[in-house]
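Thank you all for making time this morning.

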Amino acid sequence: MLTSVDTDLIRVLADPLRLRIVTLLAQETLCTTHLVEETGARQTNLSNHLRVLREAGVVETEPCGRFTYYKLRADVIASLAGQFADLAESARTAAGNKRSCP
């Protein structure tokens with residue numbers, strides 16, 4: 001049973017703007033222009049966060065003319081959710097375990 005989560009992915013998603021981007025992309029595939037409008041972030045700042053999300057494998061890109069669309073990789077989020085579910089199950093199983101003090 002897995003008892004830890006992907007800490008690198010947690011760090012990536014811990015940033016409020018990146019989490020907002022992921023939340024938006026969970027609803028629909030969006031281009032940078034849409035994300036700028038939705039978040040109010042500057043385009044360069046948003047692009048840097050999207051690069052981090054791409055490098056972490058959380059989003060994938062889809063070129064469309066002069067625009068780049070971003071899509072959330074649901075399998076990555078589902079894997080992380082599964083890791084948390086395993087961690088919760090481990091905690092439930094171990095609830096009665098108590099290590100005695102020396």
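What you see here is a predicted model, and its protein chain has five helices and three strands. If we read from the N terminus on, the elements follow one another in the order α-α-β-α-α-β-β-α.

Let me stay with the chain as a whole for a moment. Its C-alpha atoms fill a box of roughly 65 × 25 × 20 Å along the principal axes. The radius of gyration is 18 Å, whereas a compact globule of 102 residues would have one near 13 Å. Of those 102 residues, 27% count as buried. As for the contacts with a separation of 6 or more, 56% of them come from residues 24 or more positions apart.

I will take the helices in turn, beginning with helix 1. At its N-terminal end there is a cap made by Asp 6, with a side-chain oxygen that lies 3.2 Å from the backbone nitrogen of Asp 8. Within helix 1, the buried residues include Leu 9, Val 12 and Leu 13. These sit on the same side of helix 1, because they cover an arc of only 90° around the axis. The other side of helix 1 has Arg 11 and Ala 14, which are exposed. If you ask what the buried residues of helix 1 pack against, the partners are helix 2, helix 4 and helix 5.

Helix 2 also has a side-chain contact at its start, where a side-chain oxygen of Asp 15 comes to within 2.9 Å of the backbone nitrogen of Leu 17. The buried residues of helix 2 are Leu 17, Arg 18, Ile 21, Val 22, Leu 24 and Leu 25. Their arc around the axis is only 160°, and they are therefore on the same side of helix 2.

Is Thr 32 buried or exposed? Its relative accessible area is 15%, so Thr 32 is buried, given that buried means under 20%. Leaving aside neighbours within four places in sequence, Thr 32 is in contact with Gln 43, Leu 46, Ser 47, Leu 50, Thr 68 and Tyr 70.

Helix 4 itself has 13 residues, and from its first C-alpha to its last it reaches 18 Å, close to the 18 Å expected at 1.5 Å a residue. Leu 46, His 49, Leu 50 and Leu 53 are buried in helix 4. Looking down the axis of helix 4, we find these buried residues within an arc of 100°, so they line one face of the helix. The face turned away from that buried side carries the exposed residues Thr 44 and Glu 55. Among the elements that cover the buried residues of helix 4 are helix 1, helix 2, helix 3, strand 2 and strand 3.

Not counting residues up to four places away in sequence, Leu 53 touches Val 12, Leu 13, Arg 18, Ile 21, Val 22, Val 58 and Val 59. Just after helix 4 comes Gly 57, which takes a positive phi of about 80°.

Ile 77 is found in helix 5, and it counts as partly exposed because its relative accessibility is 27%. Ile 77 and Val 58 are 19 residues apart along the chain, and their C-alpha atoms are separated by 7.4 Å. With neighbours within four places in sequence left aside, Ile 77 is in contact with Leu 13, Val 22, Val 58 and Leu 72.

Ala 74 is also in helix 5, and at a relative accessible area of 53% it is exposed. From Ala 74 to Ala 26 there are 48 residues in sequence, but in space the two are 7.8 Å apart, C-alpha to C-alpha.

Methods
Residues numbered from 1 in each chain as written. Predicted model: local features only at pLDDT ≥ 70, side-chain atom pairs only at ≥ 80, totals over all residues. Heavy atoms only, no water. Contact = heavy atoms within 4.5 Å. Buried < 20%, exposed > 50% of the residue type's maximum accessible area, 1.4 Å probe, protein only. Helix = DSSP H or I, 4+ residues; strand = E, 2+ residues; numbered from the N terminus. Arc of directions from axis to C-beta. Polar contact = N/O pair within 3.5 Å; in protein donor to acceptor, adjacent residues only side chain to side chain. Expected span 1.5 Å × (residues − 1). Rg over C-alpha atoms; globule rule 2.2 N^0.38 Å.
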